[in-house]
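Hi,

Here is the structure I said I would pass on. Have a look at it first, and then read my notes below.

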Amino acid sequence: MSHRITRRRFVQQGVFTILAAGSARTYAANEKLDIGIVGVINRGKANLNGVAGENIVALCDVDSNFLAQEAGRFPRAHRYADFRRMIGHEKLDALVVSTPDHTHAVATAAGLHNGLHVYCEKPLTRTVSECRVVTELARRKKLVTQMGTQIHAGDNYRRVVELLRAGAIGTVKEVHVWVGGNFGGGSRGNKKHKVPANLNYDLWLGPTRYHVPYHPTHHPFNWRQWWDFAGGTLADLGCHHIDLSHWALGLRHPSRIEVVQGPKPDSETTPYSLVVDFHYKAHGKQPATKLRWYHGEHRPPHFSEGLLPKWGNGSLFVGSKGMLLAGYDKHVLLPENDFKDYERPKPSIPRSLGHHREWIHTIKSGGITTCNFDYAGPLAEVVLLGNIAHRTGAPLEWNHAKMKLTGHPEATELMQHIYRAGWHL
């Protein structure tokens, strides 16, 4: 496959190559992409399955056992522990990043710098500053990006968006979003644990500023509960559920974030339960809107008041003419008797090719994806800001344009990424 590469420059360490902006080439409609995979277990495995119809040129994982498992499915793919070496040695068209949150930004930025289209799991990054860098880099490089909010591709979300845009429940100024699961609480203690032979723990830590001693919860799943690596339930599931409100109501940047209820902030672990208000200023036809997030033991009071049917995770849109209750795969207009004769708008949002297929198709055919980083970046920033409000214990004011967070002296510090030597964006 002929790659249109005119010039290269190497970073000081010589670990990977940086290509000029706009170096991504064009493709024939039936041509397969050469894709590199970073992270092959859990979400990584699901994302690998989503792009398995293309040429899987290289697999990268810091766990040799997981790498060997997937290499059996893709015997021609080269194997790496360090994504920087993979990007430097392989001729790739695109990159799929499914690592823990703390290495999302460095892997994604490396791909974008090298002219690769990137699919990255949610949340886009671990910190707000990383998110802004990655979002602006993708915009500048004009590459095809997609954040892994897979439910965005479902038909149910599309029908909800159409209903709200058609004014089915009138003007919406209030939204409640909740999930029952949680990643948080607990302590790693002082016991020393031996790093498994199959895990390259130094690479797993990646850009982490300080060396965090290995603990069995770090790999391969429960890293989500530690601030060192992630943002708990809000960062992990918030992108999926708040996505619907952002899409339907055109929300982007809250101006004020305030914790309503939650445990005392812990310097080590994320909160097991939390209630946070995000206040959005009026824009266009959308009035000022309050979005309240709940996770863990908390749910909207409408349930205890008997106003809602039995329901799992979801979103409640409160309008001037009624309410809309939505989950991943179903929704209902309330009170149901008031809407029994309601004529729904005809479907206007096209059926998705599938979240991964949409990204691949757009790379080959042009256009933009529905969860490109211009859209997904602000969505990721919201959940990260909610965590900062919890960690500072103070109401915060957010100026997106100036990237300024006020209300507590530690807020700015919690926004910033600081890497150890050898790692950069």
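**Salt bridges and cores**

Arginine 420 comes out as partly exposed, with a relative accessible area of 23%. Keep in mind that this is a predicted model.

Arg420 has a charged partner: its side chain forms a salt bridge with aspartate 202, and the closest N and O atoms are 3.0 Å apart. The two sit in distant parts of the chain, with Asp202 in helix 7 and Arg420 in the segment after helix 12 (411–415), 218 residues apart. Asp202 is partly exposed as well, at 44% relative accessibility.

- Glutamate 54 and lysine 364 meet through their side chains at 3.2 Å, N to O. Buried or exposed? Glu54 counts as buried at 6% relative accessibility, and Lys364 counts as buried at 15%.
- Arginine 188 forms a salt bridge with glutamate 268, with 2.8 Å between the closest N and O atoms. Arg188 lies in the loop between strand 9 (172–179) and helix 7 (201–205), and Glu268 in the loop between strand 10 (256–261) and strand 11 (274–280), so the pair ties together parts 80 residues apart in sequence. Arg188 is buried at 12% relative accessibility, whereas Glu268 is partly exposed at 24%.

Some salt bridges also share partners: Arg43, Glu121, Lys122, Arg224 and Asp236 are joined that way into one network.

Now for the nonpolar side. In soluble globular proteins, nonpolar side chains tend to be buried together. In this model the largest nonpolar core has 93 residues, and the ones with the most contacts inside it are Phe83, Leu95, Phe317, Leu324 and Phe373. Helix 11 (residues 373–392) gives the largest share of that core, eleven residues.

What does phenylalanine 373 touch, leaving aside its neighbours within four places in sequence? Its contacts include Leu112, Val118, Cys120, Leu124, Val134, Ala138, Met147 and Pro378, and also Thr108, Thr135, Thr145 and Gln146.

There is also a second, separate core of 21 residues, with Leu33, Ile35, Val40 and Leu59 among them.

Cheers

Technical notes:
Residues are numbered from 1 along each chain as its sequence is written. This is a predicted model: local features need pLDDT of at least 70, side-chain atom pairs count only at pLDDT 80 or more; totals for chains, interfaces and linings use all residues. Side-chain values use heavy atoms; hydrogens and water are left out. A salt bridge is a side-chain nitrogen of Lys or Arg within 4 Å of a carboxyl oxygen of Asp or Glu. Buried means under 20% relative accessible area, exposed over 50%, partly exposed in between (1.4 Å probe, protein chains only). Helices (H or I, at least four residues) and strands (E, at least two) are DSSP runs, numbered from the N terminus. A nonpolar core is a set of buried Ala, Val, Leu, Ile, Met, Phe, Trp, Tyr and Cys residues joined through side-chain atoms within 4.5 Å. Contact means heavy atoms within 4.5 Å.
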